[in-house]
2 protein chains.
Amino acid sequence: MSENTLSSQDRKHLDDLYEYIQEQYRFFVGYPCRGDLDYSELFRFMHYPINNVGDPFVPSTYRVHTRQIECEVVRWFARLTHAPEDNYWGYVTNGGTEGNMYGLFLARELLPEGMVYYSQDTHYSVSKNLRVLKMQNIMIKSQANGEIDYEDLYETIRIHRDVPPIIFATVGTTMTEAIDDIGRIRRMLEDLAIPNSYIHCDAALCGMTLPFIDGAPVYDFRAGIDSISISGHKFIGSPVPCGMVLAKKRNVERIARSIEYVGTLDTTLTGSRNGITPLFLWYAIRKTGTEGFKRLVRECFELADYAIAKFREIGLDAWRNKYAMTVVFPKPPESVLAKWGIAVQGDIAHIIVLPNIKAGQIDELVADIHAAMTD
Amino acid sequence: MSENTLSSQDRKHLDDLYEYIQEQYRFFVGYPCRGDLDYSELFRFMHYPINNVGDPFVPSTYRVHTRQIECEVVRWFARLTHAPEDNYWGYVTNGGTEGNMYGLFLARELLPEGMVYYSQDTHYSVSKNLRVLKMQNIMIKSQANGEIDYEDLYETIRIHRDVPPIIFATVGTTMTEAIDDIGRIRRMLEDLAIPNSYIHCDAALCGMTLPFIDGAPVYDFRAGIDSISISGHKFIGSPVPCGMVLAKKRNVERIARSIEYVGTLDTTLTGSRNGITPLFLWYAIRKTGTEGFKRLVRECFELADYAIAKFREIGLDAWRNKYAMTVVFPKPPESVLAKWGIAVQGDIAHIIVLPNIKAGQIDELVADIHAAMTD
């Protein structure tokens, strides 16, 4: 591959892009993707055509892989989410959309006539997933804080008791990091004497924060979920989007298919699979450790509270949900949005105080908003 | 992220894995994934949370991205496949499965009642895609060389003229790198006076080889396709699976949806998207150039012929399709399969003579097979 070198024009193009990214990263405070990344110890692996094709737990004839490491990562997340010890399965995905699609696909195969319920604060990719999977669905109202409206959910399931419910719960909504109460939803289903149901949990961000908070809500397999998707590029951080999907093994076995060509089971949504991101996740997990994650989450909450205080100092109504590092505030003026990479929706905006966010960035953002307001 | 370091035990674990991959790579000759990778110039980008979320051609409020580069790569592939200049669209996928699912999804949205036809030599992921997408489908017989059986296809379409045909054509089958003749299929549809149809082309490997061969079969938009998927980690090579999907822009526009949260269009199957692989593809394309790819393809064919001659010297019936670098030979003994990373299917096996394959590897493999045969 070393036959030629880049032209000086192409090299400049690349350098310009690199500078652009460095510059934009300074103002990158509005998305849940952690930035302080140093995986350079692992770059040597990127000289090989690594591919974790197929099922991570089944050997393949494609032997340039990191499946061993992927399985360790799956096991770590299984413990984190209290997955049933003898009945879990999972793999490293290309991100939340794939993990959520996997959960919904599994639900559809188990309950072909099922009706999917999800709140209006659910991530935008879910309605696309439902369209791809051709699943009938009903959007449920949200409460002001972003949490699903339980009364609307209860009433809607009640009048559709002829079809099995498939609950798509969100643990950390996109805009306000609100948490749907899965225990409460579970009790609703029992109260309605529903015999067959499926609960998928989209815990993209909070799947990596709640386990490290004492007294946090129970959202995982203990709460009665059937599958869960957690992002890897969010709280952990990765230069390449990735995630973890976990499901009950006996459910997955019903869709598995043996493929001679790669000598393994075709149990994943994608075929050829990234073998580098499992390495990144493993590395970050091993380096940080449980105590490290606990400290990081605590520091994020402290800085989120600092941000709220700063916003309030200039008269803005900033707030966060109890277990959230997402700080919500009124949509700032256009000049501020032109400089800062901030997500807006309707009349609100948010910043997400991940471990890479610095107090100095918050100070600068608040000062910019204040200046724009008083212009 | 630098808070802690790896334990010496973890570091050894990593070093052992690295050695394992190096060792396995020596015997990696049976899969279409090129290995001589040096993207180290680009590793500096991997310190940032790069994400090409959403449509590559539409700006987003997520500004840490490489969309500009991705669009250049899309344009390069559009020219390569003679996409209609004012009516194409595409993006860098996570690999062939996603590109093929995208083409099928688009076909289903345009022709909801359509019937998918594909040969029995089609990649194994396609039947999974069809299941996910809930598309009715019929598998067509293959010829001995792996090409679709045109008579079976014609007869099958003829007796299902009440539903629009969706042709899933393969340009380079998995096992024998056979090429379905898209021009011929197109003429069949005309002959049967079919008013509405869709052709998706899975050109995972050959999409990067046929354009560099004089007189090669026409398989792209000139032949009347509606979408195409080409892998990036195969002939180009990448440590992370990736690919390109191209489709007609006016078809894609019918499924686009605007998302305020990321300020862009949700036209891709995945949401958060890898921004590193577009950089890899761009870099490899710019470094190699058209003349470079022509030379590489020519050298691969020469070495494939060398391999065939070597196999025949020991009495094995090895062969390749006319435009293929896949050399097919009888399934070797188990002892050979234990050492070499070779794909088998039924009683045949293959090696794929990509640019990283060396004559020495072929010599060693043939010697091993010979020794095992005479044991």
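Which residues touch the most other members of the largest nonpolar core? In this predicted model, where local features need pLDDT of at least 70, side-chain atom pairs count only at pLDDT 80 or more and totals for chains, interfaces and linings use all residues, side-chain values use heavy atoms, with hydrogens and water left out. Residues are numbered from 1 along each chain as its sequence is written, while chains are lettered from A and ligands numbered from 1 in the order in which they are written.

The answer is Phe77(A) and Phe77(B), in a core of 188 residues. A nonpolar core is a set of buried Ala, Val, Leu, Ile, Met, Phe, Trp, Tyr and Cys residues joined through side-chain atoms within 4.5 Å; buried means under 20% relative accessible area (1.4 Å probe, protein chains only). Leaving aside residues up to four places away in sequence, Phe77(B) touches Met208(B), Ile230(B), Ile236(B), Met244(B), Leu246(B) and Ile285(B). Apart from this core lies another, of 50 residues, including Leu106(B) and Val245(B).

Let us turn to the interface. Here 110 residues of chain B are in contact (heavy atoms within 4.5 Å) with 110 residues of chain A. Between them, the two chains bury about 10,100 Å², with 58% of it on carbon and sulfur atoms; buried area is the accessible area (1.4 Å probe) that two parts lose on being put together, summed over both.

Chain B and chain A also share ten salt bridges, each a side-chain nitrogen of Lys or Arg within 4 Å of a carboxyl oxygen of Asp or Glu. In one salt bridge, Asp266(A) meets Lys128(B) at 2.8 Å, N to O.
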